[in-house]
Amino acid sequence: MRIFDPHIHMTSRTTDDYERMAAAGVRAVVEPAFWLGQPRTSAASFTDYFDSLIGWEPFRAGQFGVRHFATIALNPKEANDPRCRPVLDLLPRYLDKDAVVAVGEIGYDSMTPEEDEAFAAQLALAVAYELPALVHTPHRDKARGCERTLAVVAESGIDAGRVVVDHLNEVTVKLVRDSGCWLGFSIYPDTKMTPQRMVELLRAYGTERMLVNSAADWGRSDPLLTRATGEAMLAAGFSDDDVDKVLWRNPVEFYGQSGRLDLSDVEEPTAVDPQTGNSILRGGS
(Lines give C-alpha, C1' and ligand atoms only; values in the text may rest on other atoms or scores of the structure.)
Protein backbone atom coordinates (compact mmCIF):
# COMPACT_ATOMS: atom_id res chain seq x y z
CA MET A 1 0.00 0.00 0.00
CA ARG A 2 1.51 3.34 -1.08
CA ILE A 3 0.27 6.41 0.72
CA PHE A 4 0.43 10.14 0.02
CA ASP A 5 -0.85 12.08 3.04
CA PRO A 6 -2.19 15.32 1.51
CA HIS A 7 -2.51 17.22 4.82
CA ILE A 8 -0.24 16.64 7.80
CA HIS A 9 1.70 19.01 10.08
CA MET A 10 5.06 17.28 10.42
CA THR A 11 6.70 20.29 12.11
CA SER A 12 4.86 19.16 15.25
CA ARG A 13 5.77 15.46 14.86
CA THR A 14 8.91 13.52 15.75
CA THR A 15 11.36 11.56 13.63
CA ASP A 16 9.83 8.43 15.17
CA ASP A 17 6.63 9.39 13.35
CA TYR A 18 8.49 9.63 10.04
CA GLU A 19 10.00 6.21 10.63
CA ARG A 20 6.62 4.64 11.45
CA MET A 21 4.95 6.37 8.52
CA ALA A 22 7.58 5.15 6.07
CA ALA A 23 7.19 1.59 7.39
CA ALA A 24 3.41 1.89 6.90
CA GLY A 25 3.76 2.92 3.25
CA VAL A 26 3.71 6.71 3.46
CA ARG A 27 6.01 7.95 0.71
CA ALA A 28 4.91 11.56 0.29
CA VAL A 29 3.24 14.27 2.37
CA VAL A 30 1.94 17.79 1.99
CA GLU A 31 2.38 20.05 5.00
CA PRO A 32 0.10 23.10 5.06
CA ALA A 33 1.12 26.22 6.93
CA PHE A 34 -1.06 26.49 10.03
CA TRP A 35 -1.47 27.88 13.55
CA LEU A 36 1.22 26.70 15.96
CA GLY A 37 -1.00 26.64 19.05
CA GLN A 38 -0.24 30.08 20.44
CA PRO A 39 -0.34 33.54 18.86
CA ARG A 40 2.62 34.67 16.82
CA THR A 41 3.66 38.17 17.77
CA SER A 42 4.85 39.48 14.40
CA ALA A 43 4.97 38.71 10.71
CA ALA A 44 8.71 38.10 11.04
CA SER A 45 8.06 34.86 12.92
CA PHE A 46 6.25 33.53 9.85
CA THR A 47 9.38 34.01 7.78
CA ASP A 48 11.33 31.52 9.88
CA TYR A 49 8.37 29.14 9.90
CA PHE A 50 7.87 29.25 6.13
CA ASP A 51 11.61 28.82 5.61
CA SER A 52 11.53 25.66 7.72
CA LEU A 53 8.61 24.27 5.69
CA ILE A 54 10.56 24.54 2.45
CA GLY A 55 14.03 23.85 3.86
CA TRP A 56 14.57 21.87 7.03
CA GLU A 57 11.38 19.82 7.00
CA PRO A 58 11.84 18.41 3.46
CA PHE A 59 15.42 17.52 4.42
CA ARG A 60 14.27 15.81 7.62
CA ALA A 61 11.55 13.87 5.78
CA GLY A 62 13.99 12.77 3.13
CA GLN A 63 16.09 10.87 5.65
CA PHE A 64 13.19 8.44 6.00
CA GLY A 65 12.32 8.13 2.33
CA VAL A 66 9.37 10.52 2.55
CA ARG A 67 9.00 13.29 -0.05
CA HIS A 68 7.80 16.51 1.59
CA PHE A 69 5.86 19.32 -0.07
CA ALA A 70 4.25 22.38 1.48
CA THR A 71 1.37 24.77 1.07
CA ILE A 72 1.91 28.36 2.20
CA ALA A 73 -0.62 30.88 3.50
CA LEU A 74 -1.79 33.04 6.36
CA ASN A 75 -4.08 30.65 8.21
CA PRO A 76 -7.69 31.65 9.01
CA LYS A 77 -7.26 31.88 12.78
CA GLU A 78 -4.36 34.31 12.59
CA ALA A 79 -5.99 36.34 9.84
CA ASN A 80 -7.88 37.99 12.72
CA ASP A 81 -4.69 39.24 14.39
CA PRO A 82 -3.57 42.63 13.01
CA ARG A 83 0.03 41.76 13.92
CA CYS A 84 -0.09 38.93 11.38
CA ARG A 85 -1.80 40.65 8.45
CA PRO A 86 1.50 41.83 6.89
CA VAL A 87 2.14 38.13 6.16
CA LEU A 88 -0.06 38.57 3.10
CA ASP A 89 2.69 40.73 1.63
CA LEU A 90 5.28 38.00 2.28
CA LEU A 91 3.43 35.23 0.47
CA PRO A 92 4.54 35.94 -3.11
CA ARG A 93 8.15 35.32 -2.06
CA TYR A 94 7.21 31.75 -1.09
CA LEU A 95 4.57 30.91 -3.68
CA ASP A 96 7.33 30.87 -6.32
CA LYS A 97 9.22 28.06 -4.55
CA ASP A 98 9.44 24.65 -6.22
CA ALA A 99 8.28 22.63 -3.20
CA VAL A 100 5.16 24.78 -2.66
CA VAL A 101 2.28 22.97 -4.35
CA ALA A 102 -0.73 25.03 -3.23
CA VAL A 103 -1.93 28.08 -1.32
CA GLY A 104 -3.16 26.92 2.08
CA GLU A 105 -4.54 26.51 4.62
CA ILE A 106 -6.95 29.31 3.85
CA GLY A 107 -10.65 29.70 4.59
CA TYR A 108 -12.58 30.22 7.81
CA ASP A 109 -12.16 29.75 11.53
CA SER A 110 -14.76 32.13 13.04
CA MET A 111 -16.14 33.58 9.78
CA THR A 112 -15.16 37.18 10.55
CA PRO A 113 -14.82 40.07 8.09
CA GLU A 114 -11.03 39.83 8.52
CA GLU A 115 -11.15 36.19 7.46
CA ASP A 116 -13.31 37.14 4.47
CA GLU A 117 -10.62 39.56 3.29
CA ALA A 118 -7.70 37.18 3.82
CA PHE A 119 -9.52 34.31 2.15
CA ALA A 120 -10.40 36.32 -0.96
CA ALA A 121 -6.90 37.81 -1.19
CA GLN A 122 -5.25 34.39 -1.02
CA LEU A 123 -7.59 32.82 -3.57
CA ALA A 124 -6.55 35.67 -5.85
CA LEU A 125 -2.91 34.70 -5.23
CA ALA A 126 -3.71 31.09 -6.11
CA VAL A 127 -5.13 32.27 -9.42
CA ALA A 128 -2.19 34.59 -10.07
CA TYR A 129 0.42 31.91 -9.32
CA GLU A 130 -1.58 29.13 -11.04
CA LEU A 131 -1.62 27.04 -7.86
CA PRO A 132 -4.33 24.90 -6.31
CA ALA A 133 -5.91 26.03 -3.04
CA LEU A 134 -6.30 24.05 0.20
CA VAL A 135 -9.30 25.35 2.15
CA HIS A 136 -9.89 24.82 5.87
CA THR A 137 -13.50 24.64 7.02
CA PRO A 138 -14.47 25.88 10.49
CA HIS A 139 -14.85 23.41 13.33
CA ARG A 140 -18.00 25.22 14.52
CA ASP A 141 -21.11 25.71 12.37
CA LYS A 142 -19.51 23.67 9.61
CA ALA A 143 -22.49 23.59 7.25
CA ARG A 144 -22.79 27.39 7.16
CA GLY A 145 -19.02 27.63 6.92
CA CYS A 146 -18.99 25.37 3.87
CA GLU A 147 -21.77 27.34 2.19
CA ARG A 148 -19.89 30.58 2.75
CA THR A 149 -16.63 28.97 1.61
CA LEU A 150 -18.12 27.79 -1.66
CA ALA A 151 -19.65 31.21 -2.33
CA VAL A 152 -16.25 32.89 -1.94
CA VAL A 153 -14.59 30.25 -4.12
CA ALA A 154 -17.18 30.87 -6.84
CA GLU A 155 -16.69 34.65 -6.63
CA SER A 156 -12.91 34.32 -6.88
CA GLY A 157 -12.91 32.91 -10.41
CA ILE A 158 -10.65 29.98 -9.50
CA ASP A 159 -11.54 26.69 -11.19
CA ALA A 160 -13.41 24.56 -8.64
CA GLY A 161 -11.32 21.57 -9.72
CA ARG A 162 -8.25 23.33 -8.34
CA VAL A 163 -9.73 23.67 -4.83
CA VAL A 164 -9.92 21.08 -2.06
CA VAL A 165 -12.34 21.84 0.76
CA ASP A 166 -11.03 20.00 3.81
CA HIS A 167 -12.22 18.65 7.18
CA LEU A 168 -15.55 17.53 5.74
CA ASN A 169 -18.13 15.24 7.32
CA GLU A 170 -21.47 13.63 6.51
CA VAL A 171 -23.26 16.98 6.79
CA THR A 172 -21.08 18.80 4.25
CA VAL A 173 -19.98 16.14 1.77
CA LYS A 174 -22.83 16.49 -0.74
CA LEU A 175 -22.68 20.28 -0.71
CA VAL A 176 -19.00 20.26 -1.64
CA ARG A 177 -19.39 17.33 -4.02
CA ASP A 178 -21.98 19.24 -6.04
CA SER A 179 -19.69 22.29 -6.25
CA GLY A 180 -17.03 20.54 -8.33
CA CYS A 181 -14.35 21.05 -5.67
CA TRP A 182 -12.23 18.21 -4.32
CA LEU A 183 -13.28 16.74 -0.98
CA GLY A 184 -10.87 16.42 1.95
CA PHE A 185 -11.44 14.25 5.03
CA SER A 186 -9.30 14.29 8.16
CA ILE A 187 -9.20 10.95 9.99
CA TYR A 188 -8.85 11.48 13.73
CA PRO A 189 -8.88 9.30 16.85
CA ASP A 190 -11.84 11.07 18.51
CA THR A 191 -13.17 13.84 16.26
CA LYS A 192 -13.63 14.86 12.60
CA MET A 193 -13.83 11.46 10.81
CA THR A 194 -13.07 7.78 11.54
CA PRO A 195 -11.89 5.10 9.11
CA GLN A 196 -15.25 3.32 9.35
CA ARG A 197 -17.27 6.48 8.65
CA MET A 198 -14.93 7.26 5.76
CA VAL A 199 -15.60 3.84 4.24
CA GLU A 200 -19.34 4.53 4.33
CA LEU A 201 -18.85 7.87 2.58
CA LEU A 202 -16.74 6.20 -0.10
CA ARG A 203 -19.50 3.63 -0.60
CA ALA A 204 -22.08 6.38 -0.97
CA TYR A 205 -20.10 8.88 -3.07
CA GLY A 206 -17.37 6.87 -4.78
CA THR A 207 -13.65 7.52 -4.95
CA GLU A 208 -13.48 10.42 -7.43
CA ARG A 209 -12.04 13.69 -6.05
CA MET A 210 -11.77 12.17 -2.56
CA LEU A 211 -8.69 12.96 -0.44
CA VAL A 212 -8.02 11.21 2.87
CA ASN A 213 -5.55 12.78 5.29
CA SER A 214 -4.45 12.45 8.89
CA ALA A 215 -4.10 16.22 9.54
CA ALA A 216 -1.81 15.10 12.36
CA ASP A 217 -0.49 18.00 14.42
CA TRP A 218 0.37 18.88 18.04
CA GLY A 219 -3.02 17.74 19.30
CA ARG A 220 -4.50 14.26 19.71
CA SER A 221 -4.01 12.80 16.24
CA ASP A 222 -2.39 9.85 14.49
CA PRO A 223 -0.26 9.96 11.31
CA LEU A 224 -1.03 6.28 10.63
CA LEU A 225 -4.78 6.71 10.25
CA THR A 226 -4.42 7.01 6.48
CA ARG A 227 -3.10 3.44 6.54
CA ALA A 228 -5.95 2.40 8.86
CA THR A 229 -8.45 3.84 6.38
CA GLY A 230 -6.90 1.86 3.54
CA GLU A 231 -7.12 -1.31 5.62
CA ALA A 232 -10.75 -0.55 6.49
CA MET A 233 -11.51 -0.08 2.79
CA LEU A 234 -10.02 -3.49 1.97
CA ALA A 235 -11.94 -5.14 4.81
CA ALA A 236 -15.16 -3.60 3.46
CA GLY A 237 -14.61 -5.06 0.00
CA PHE A 238 -12.89 -2.20 -1.83
CA SER A 239 -10.16 -3.31 -4.23
CA ASP A 240 -6.44 -2.63 -4.02
CA ASP A 241 -6.93 -0.28 -6.97
CA ASP A 242 -9.62 1.67 -5.07
CA VAL A 243 -7.27 2.08 -2.13
CA ASP A 244 -4.42 3.18 -4.39
CA LYS A 245 -6.68 5.74 -6.04
CA VAL A 246 -7.81 7.30 -2.75
CA LEU A 247 -4.49 7.16 -0.90
CA TRP A 248 -2.08 7.84 -3.77
CA ARG A 249 -3.40 8.72 -7.20
CA ASN A 250 -5.99 11.27 -6.05
CA PRO A 251 -3.54 13.46 -4.08
CA VAL A 252 -1.01 13.13 -6.90
CA GLU A 253 -3.65 14.31 -9.37
CA PHE A 254 -4.80 17.22 -7.22
CA TYR A 255 -1.40 18.61 -6.24
CA GLY A 256 0.02 17.71 -9.65
CA GLN A 257 -1.98 20.67 -10.96
CA SER A 258 0.73 22.86 -9.45
CA GLY A 259 3.26 21.59 -12.00
CA ARG A 260 5.71 21.13 -9.12
CA LEU A 261 4.95 17.64 -7.81
CA ASP A 262 8.23 15.83 -8.39
CA LEU A 263 8.04 12.29 -6.99
CA SER A 264 11.01 10.92 -8.93
CA ASP A 265 13.31 10.90 -5.89
CA VAL A 266 11.07 8.99 -3.48
CA GLU A 267 13.41 6.35 -2.11
CA GLU A 268 13.67 3.85 0.70
CA PRO A 269 14.45 5.46 4.08
CA THR A 270 17.93 6.07 5.39
CA ALA A 271 17.27 6.32 9.10
CA VAL A 272 20.79 6.56 10.52
CA ASP A 273 23.71 8.77 9.57
CA PRO A 274 26.58 6.25 9.21
CA GLN A 275 29.19 8.86 10.18
CA THR A 276 27.57 10.26 13.32
CA GLY A 277 25.19 7.52 14.35
CA ASN A 278 22.45 10.13 14.75
CA SER A 279 18.89 9.15 13.96
CA ILE A 280 18.70 11.96 11.41
CA LEU A 281 21.29 13.49 9.13
CA ARG A 282 22.21 17.08 9.92
CA GLY A 283 21.55 19.76 7.35
CA GLY A 284 20.89 23.46 6.93
CA SER A 285 23.19 26.42 6.83
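Visitor: Which hand does the crossing of helix 8 and helix 9 have?
Guide: Keep in mind that this is a predicted model. Helix 8 covers residues 195-205 and helix 9 covers residues 225-235, and their axes come within 9 Å. Where helix 8 passes helix 9, the crossing is right-handed.

Visitor: And how do the axes of helix 8 and helix 9 cross: roughly parallel, roughly perpendicular or oblique?
Guide: Their axes cross at roughly 55 degrees.

Visitor: How many charged residues sit in the contact of helix 8 with helix 9?
Guide: Helix 8 brings Pro195, Met198, Val199 and Leu202, while helix 9 brings Leu225, Ala228, Thr229, Ala232 and Met233. Sort them and you get eight nonpolar and one polar. As for charged residues, the count is none.

Visitor: Over to helix 5 and helix 6: which hand is that crossing?
Guide: Here we have residues 113-128 and residues 142-156, with axes that come within 10 Å and cross at roughly 45 degrees. That angle makes helix 5 oblique to helix 6. As helix 5 passes helix 6, the crossing is right-handed.

Visitor: How many charged residues does the contact of helix 5 with helix 6 have?
Guide: From helix 5 come Asp116, Phe119, Leu123 and Val127, and from helix 6 come Arg148, Thr149, Val152, Val153 and Ser156. Five of these are nonpolar and two are polar. The charged ones number two.

Methods
Residues numbered from 1 in each chain as written. Predicted model: local features only at pLDDT ≥ 70, side-chain atom pairs only at ≥ 80, totals over all residues. Heavy atoms only, no water. Axes fitted to C-alpha atoms, helices over the stretch in contact; angles between N-to-C directions. Helix = DSSP H or I, 4+ residues; strand = E, 2+ residues; numbered from the N terminus. Left-handed = near helix turned anticlockwise from the far one by under 90°. Contact = heavy atoms within 4.5 Å. Nonpolar A, V, L, I, M, F, W, Y, C, P; charged D, E, K, R; others polar. Parallel < 35°, antiparallel > 145°, perpendicular 65-115°, else oblique.
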